[in-house]
Amino acid sequence: MPGSSDFVYMDYAATTPLNSLVAERMRTVQNSACFNPASNHIAGRQSAKVVMQAATELGLLLNVSPDSILWTSGATESNNLAILGAARQRAHRGKHLITMRTEHKAVIDVFRALEKQGFEVSWLAPKPDGQLPVERLISTLRDDTQLVSIMHINNETGVIQDIAALGAACKERDVLFHVDGAQAAGKIPVDLAALPVDLYSLTAHKFYGPKGVGALFVANGTPLEPLMFGGGQQQRMRPGTLPVDLIAGLGVAAAVATTSIADDLAKLTGLKGRLLQGIQDIEGLQVNGPAKGGYPGILNVGVDDVDGESLLLAMEPLCVATGSACNSRSQEPSSVLRALGRTDRQAQSAIRFSLGRPTTAADIEMAISSYRHAVRKLRALAPERPA
Amino acid sequence: MNIDPYNAVVRAYFDCPEHMGDIGGGAVAFFEDQGMRIRLSAKVVDGKIKKLGFRAWGCPHVIAAAEAFCRQFEGRSVAELEEFKTSQIMGDLAVPVEKTGRILVLEDTVRSLRAAIQDRITNQAQD
C-alpha cells in the first residue's frame, strides 16, 4: 500500500486504499471521458457510456439491473436518501419506523431527525452477540409501520444480520426494507435479486474504490421523495452532474470484488483466526461481537482495566480504531458496545482490528505483539484501588 | 484542526514515563474521578521532595500530566506544592479543553498528597 512503510494499517472498516486497477481506470477516464454524461454531444455520450459500464459492473456484483442504481456521494447520502425519502413519501400512510440501536451514525442521526419531524421510531436492541432475532422485529411491526432499516454488517463488531429473514418479515406486511450495506457490498456475496430488500446503500471507498462516490439500489417501484432539486439527472431522484471518473472507479472496484470475494473471505478467515489465537490468553480479554461467524475482516476486543485511547497510542505504528472511525476522536464510549451490554469502562477499552485484502501474515504477527505489549504496559501503569 | 491529538511532550512522557511506579515507605495519595485514577507517592526529607512516583489509569494526556508533575516537583520543597495548578501542565501538554475535568483529577491528587505528607510530618514530630 502506498505510504505504508511508516505504519501497519489495520483499519479497513474505516476506509480502504485504492485498488491499482481502479486508479488506472480513473486516470484513463479523467484524461479521455470526464465530461457531462447528460450532454447530448459525442463527449457527453462517451461519458454516459462510462457511467453505464460502471452501473453494469455494480449490477453484476449485486445481481441487479443497472437501471436500479442511483449514484450518490457515499453511504451517508444513500442512507439519508433512502430513509428520509421513503419515510416522507409514505408519511400519509403512517409514521412508525423501526431501526436498531447498533446502527451507524449515518442512520441513527437520520432517524433522530425524523423523530423531530413527528415520526415515531422503535429502536431495537440486539442480543448480546449483536444479532437481531427476527421475532423481535416481527413483534415490533405495526399496522402503521412504513420503513425498517437494518445494517447488513456492523462496522464495529462485524456481526452479519439475517437480511433474508428480516426482509421477508417486512415484505409480508408491505413495509419497506432498507439495508445499510456499507460494510458488506464488495466484501461478502450480496444477491439483491434473491434478498427481499427495497433499498440498499453502499459506498466505494469501503471496497477499494474512490472516496466521494456511492450508490443506492432502489428496487423497481419503490417510491422515494428526493432530497435535492435542481436538475433532471437520475430520474430527478438525485440531481447533479455525475462524477464520471469516481463512478468509473466504483465500477472497477465492483468488478474486482466480484472475482475476488471468495478468495478475500478465505484469506481473512485465516488471518482473523490467527489474530484471535495470538491474544485470546490475555487475562480478561472479551470479544465484542459473535464468538464464531461474523465478517472475518473485523475483530473487536476489549480488556479489563485499560483505556482504549491509551491503548491506541501505545500500539503505534499499528493503525486500528477505538469505537467507529467516524467518532474515534469522541470521548463517548461506543453506543454499539453499550447496546451489547458492555459497561462504559469495557466499551472504552475496545479496539477494532479490521483486516483487508492487503493484510499479510506478518502484519497479524506485528498486531499480536503490539497489542500484548500495550496491554502489559498500561496494566503496569494502572494503580490498584486502595483496599 | 490539530492533525495529531498529542504534542511531542505528551508522546515523550507517555512513551517513557520515568516516574512510573511507587515510592516505597513514602506518603501516598489516591484519587479517582471522571473515570480516571491517579496515585502519587513521595519520599520527603527535611521538607524537600526527594522522589516522586505515579501510577495512572486514563488517557495519554492524564498519564503525561502525572509524569509532568513528577518531573516538575522532584527536588522542590513541600511548601511549593501549594502553588501547583494544572493550568501550566495543560498548556505544556496542549490538553484539549474537553479533557480539563480529567486533568483536574491530578490537581485533586496533588492536594491529597500534600495532606498525606503533612500528616506524616506531624506524626513523626509527635513520635
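Trainee: How many residues of chain A are in contact with chain B?
Mentor: In this predicted model, 11 residues of chain A are in contact with 17 residues of chain B.

Trainee: And which helix gives the largest share of the side of chain A that touches chain B?
Mentor: That is helix 8 of chain A, residues 308-314, which supplies 3 residues. Taken by class, the side of chain A that touches chain B has 5 nonpolar, 2 polar and 4 charged residues.

Trainee: Changing topic, how is chain A divided into domains?
Mentor: There is domain 1, made of 4-16 + 260-381, and domain 2, which spans 20-256. The C-alpha centres of these two domains of chain A lie 27 Å apart, and 27 residues of domain 1 are in contact with 27 residues of domain 2.

Trainee: Which elements supply the domain 1 side of that contact?
Mentor: Helix 7, strand 10 and helix 9 (335-339) of chain A each supply at least two residues of the side of domain 1 that touches domain 2. Helix 9 of chain A gives the most, with 4 residues, and by class that side of domain 1 has 11 nonpolar, 14 polar and 2 charged residues.

Trainee: What about the largest nonpolar core, how many residues does it have?
Mentor: The largest nonpolar core has 152 residues, and those with the most contacts inside it are Phe217(A), Ile247(A), Leu250(A) and Ala253(A) from chain A, together with Ala65(B) and Ala66(B) from chain B. Helix 7 of chain A, residues 244-279, gives the most to this core, with 15 residues.

Trainee: Why does it lie between the two domains of chain A?
Mentor: Both domain 1 and domain 2 of chain A give residues to this core, so it lies between them.

Trainee: Take Phe217(A) then, what does it touch?
Mentor: Leaving aside residues up to four places away in sequence, Phe217(A) touches Leu62(A), Val64(A), Ser68(A), Ile69(A), Leu192(A), Leu199(A) and Tyr200(A).

Trainee: And Thr145(A), buried or exposed?
Mentor: Thr145(A) counts as buried, because it has 23 C-beta neighbours inside 10 Å, where 20 or more are needed. Thr145(A) lies in strand 5 of chain A, residues 145-151, and touches Gly94(A), His96(A), Ile98(A) and Val175(A), not counting residues up to four places away in sequence. Of these contacts, Val175(A) is 30 residues from Thr145(A) in sequence, with a C-alpha to C-alpha separation of 6.5 Å.

Trainee: Over to chain B, what is the strand order in its sheet?
Mentor: The sheet is open, with 3 strands in the order 1-2-3 and antiparallel pairing. Its edge strands are strand 1 (27-33) and strand 3 (48-57) of chain B, each pairing on one side only, and neighbouring strands are turned by 15° against each other on average, direction ignored.

Trainee: How many bridges join the strands?
Mentor: In chain B, 7 bridges join strand 1 to strand 2, while 9 bridges join strand 2, residues 36-45, to strand 3. Arg39(B) has Arg55(B) in strand 3 as its bridge partner, and Asp33(B) stands opposite Met36(B) in strand 2.

Trainee: Which helices pack there?
Mentor: Helix 2 of chain B, residues 60-73, lies across strand 2 and strand 3, running at about 175° to strand 3 of chain B. Helix 4 of chain B, residues 100-126, packs on the sheet and touches strand 1 and strand 2, its direction making about 150° with that of strand 1 of chain B.

Trainee: Last one, which residues of chain B have a positive phi without being glycine?
Mentor: Gln34(B) is one of them, with a phi of about 55°, and it lies in the turn of the hairpin formed by strand 1 and strand 2 of chain B, which has 2 residues between the strands. Gln34(B) counts as partly exposed, because it has 14 C-beta neighbours inside 10 Å. Ala94(B) also has a positive phi, of about 50°, and its place is in the loop between helix 3 (86-92) and helix 4 of chain B. With 15 C-beta neighbours inside 10 Å, Ala94(B) counts as partly exposed.

Note on methods: Residues are numbered from 1 along each chain as its sequence is written. Chains are lettered from A and ligands numbered from 1 in the order in which they are written. This is a predicted model: local features need pLDDT of at least 70, side-chain atom pairs count only at pLDDT 80 or more; totals for chains, interfaces and linings use all residues. A nonpolar core is a set of buried Ala, Val, Leu, Ile, Met, Phe, Trp, Tyr and Cys residues joined through C-beta atoms within 7 Å. A residue is buried if 20 or more other C-beta atoms lie within 10 Å of its own, exposed if 12 or fewer, and partly exposed in between; C-beta atoms are placed from the backbone. Domain bounds come from an automatic or database domain assignment. Two residues are in contact if their C-beta atoms, placed from the backbone, lie within 7 Å. Two strands pair if DSSP finds at least two bridges between them. Axes are lines fitted to C-alpha atoms, for helices over the stretch in contact, and angles run from 0 to 180 degrees between N-to-C directions. Ala, Val, Leu, Ile, Met, Phe, Trp, Tyr, Cys and Pro count as nonpolar, Asp, Glu, Lys and Arg as charged, and the others, Gly among them, as polar.
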